[in-house]
Amino acid sequence: DGIDTKKQDLFNYSYNWFFFYFWYMGGKFSYERDPIRELDHRYTAGLIVGRDIFNDSHRFLSISFGPGWSEEEFESTGKDSGATALWALNYTHDFRDGKWSFFHNHNLNYQFYGVKNSIFKSNTGFRVDIIDDVYANFSLRYDYETEPTAGAENQDTTLVFGVGASF
């Protein structure tokens, strides 16, 4: 067909510093681009406070929240920026001595400016050790926006299969 159905770039970076037992604070930055949804760019930066609910040899659960600032530019509506609220959850559970892992991560970004859009992104799946440090990933990614650009759907689902290596 020659029709693109997915053409998205997403980069996330966060830094955490533990200040009291399982409590941490830190910073978060993300960059996103999606020409199919007419998103030229979206930068988001914020300060977060979080807590590790549990972190042992076979499971991990962490939540974080905080204020942020976002700038985005759409081809059809131009550039807009303002304050945001950030929320994140990260969960991992290992099975069979760590050979299998279930994971679920999601982020919510509520924009207090413009059309007051809520952006939800999640990634849920399994990671399976193949040989030594080589693994396979199977995941379902789900993105949802309450106020997408005109003509764009408010949700996007992607099934991902991959192979990787840990060093």
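## Largest pocket

The largest pocket has a volume of about 990 Å³. A pocket is an open set of points on a 1 Å grid over the protein atoms alone, with protein on both sides within 12 Å along at least five of seven lines. Volume is the space filled by probe spheres set on the points, which are joined across faces, edges and corners. Lining residues have an atom within 4 Å of a point.

This pocket has 41 lining residues; Leu 10, Asn 12, His 106, Asn 107 and Lys 121 are the closest to its centre. The lining divides into 14 nonpolar, 18 polar and nine charged residues. Nonpolar means Ala, Val, Leu, Ile, Met, Phe, Trp, Tyr, Cys and Pro; charged means Asp, Glu, Lys and Arg; the others, Gly among them, are polar.

## Basis of the model

The model is predicted: local features need pLDDT of at least 70, side-chain atom pairs count only at pLDDT 80 or more, and totals for chains, interfaces and linings use all residues. Residues are numbered from 1 along each chain as its sequence is written, and side-chain values use heavy atoms, without hydrogens and water.

## Cavities

There are two cavities of 30 Å³ or more. In a cavity, a 1.4 Å probe fits but cannot get out.

Arg 37, Leu 39, Arg 42, Phe 74, Glu 145, Pro 148 and Thr 149 line it.
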